[in-house]
Amino acid sequence: MADLSVEVDRAEDTASVRLDGDLDKLTAPRLKRVLTELIAAGHVSIVIDTAGLAFCDSSGLWVLVEHQREVGERGGSLGLTGVQGVLRRVLDVTGLKAAFDSVQPSAAS
């Protein structure tokens, strides 16, 4: 069974989110809930560390894109760090890399 760990560090209007595991149809609602709560609390500058992701499907990608749009509408930003593997390939192939304020590859990539 797929699992996703979501760890959050908050400071004023910023937040860092670290993901570990699989971001897919089963686990995407967990990330969506966390991001929705962060934005509602005024955290509109968000960096998501994806280095620990083993897998990301279209459901997970949609949650990222949806919240990028939402923070952008509030004058904020959503960036991705540690991008590697399946997520890196999907962002490159689909052109969605440009949808995010920043996309930093994993140091190992």
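**A glycine after a helix**

A: Start with Gly 75: just after α2, this residue takes a positive phi of about 80 degrees. Keep in mind that the model is predicted.

Q: Which loop does Gly 75 lie in?

A: Gly 75 sits in the loop that runs between α2 and β4.

Q: Buried or exposed, that Gly 75?

A: Gly 75 counts as exposed, because its relative accessibility is 69% and the cut-off for exposed is over 50%.

Q: How far is Gly 75 from Val 44?

A: Their C-alpha atoms are separated by 7.4 Å. Along the chain, Gly 75 and Val 44 are 31 residues apart.

Q: Back up to α2 itself. How many residues, and what reach?

A: Helix α2 has 16 residues and reaches 22 Å from its first C-alpha to its last. That is close to the 22 Å expected at 1.5 Å a residue.

Q: What caps the N-terminal end of α2?

A: Asp 57 does. One of its side-chain oxygens lies 2.9 Å from the backbone nitrogen of Ser 59.

Q: And which residues of α2 are buried?

A: Gly 60, Leu 61, Val 63, Leu 64, Val 65, His 67, Gln 68 and Val 71.

Q: What do they pack against?

A: The buried residues of α2 pack against β2, α1, β3, β4 and α3.

Q: OK, zoom out. What's the pattern along the sequence?

A: It reads β-β-α-β-α-β-α-β. In total, the protein chain has 3 helices and 5 strands.

Q: How does the radius of gyration compare with a compact globule?

A: It agrees: a compact globule of 109 residues would be near 13 Å, and the protein chain has 13 Å. The C-alpha atoms fill a box of roughly 30 × 30 × 25 Å along the principal axes.

Q: What share of the residues count as buried?

A: Of the 109 residues, 37%. The protein chain exposes about 5800 Å², with carbon and sulfur atoms supplying 50% of that area.

Q: Now the largest nonpolar core. Which members touch the most others?

A: Leu 23, Leu 31, Ile 46, Ile 48 and Leu 80, out of 27 residues in that core. At least two residues each come from β2 (14–23), α1 (28–40), β3, α2 (58–73), β4 (77–83) and α3 (85–94). α1 gives the most, with 6 residues.

Q: Take Leu 23. What does it touch?

A: Leaving out residues up to four places away in sequence, the contacts of Leu 23 include Leu 4, Leu 31, Phe 55 and Leu 64. Asp 57, the α2 cap, is also among the residues that Leu 23 touches.

Q: Switching to Leu 38. Where is it?

A: Leu 38 is in helix α1. At 1% relative accessible area, Leu 38 is buried. Beyond four places in sequence, Leu 38 touches Val 8, Arg 10, Ala 15, Val 17, His 43 and Ile 46.

Q: Last one, Thr 50. Buried or exposed?

A: Buried: the relative accessible area of Thr 50 is 2%, so it falls under the 20% cut-off. Thr 50 is in strand β3 (residues 45–56).

Q: What does Thr 50 touch?

A: Beyond four places in sequence, Thr 50 touches Leu 19, Leu 80, Thr 81, Gly 82, Val 83 and Leu 87.

Note on methods. Residues are numbered from 1 along each chain as its sequence is written. This is a predicted model: local features need pLDDT of at least 70, side-chain atom pairs count only at pLDDT 80 or more; totals for chains, interfaces and linings use all residues. Side-chain values use heavy atoms; hydrogens and water are left out. Helices (H or I, at least four residues) and strands (E, at least two) are DSSP runs, numbered from the N terminus. Buried means under 20% relative accessible area, exposed over 50%, partly exposed in between (1.4 Å probe, protein chains only). Contact means heavy atoms within 4.5 Å. A nonpolar core is a set of buried Ala, Val, Leu, Ile, Met, Phe, Trp, Tyr and Cys residues joined through side-chain atoms within 4.5 Å. The expected span of a helix is 1.5 Å times one less than its number of residues. A polar contact is a pair of N or O atoms within 3.5 Å; within protein, one must be able to donate a hydrogen and the other to accept it, and residues adjacent in sequence count only if both atoms are side-chain atoms. The radius of gyration is taken over C-alpha atoms; the globule rule is 2.2 Å times the number of residues to the power 0.38. Accessible areas come from the Shrake-Rupley method with a 1.4 Å probe; for residues, only the protein chains shown count as cover.
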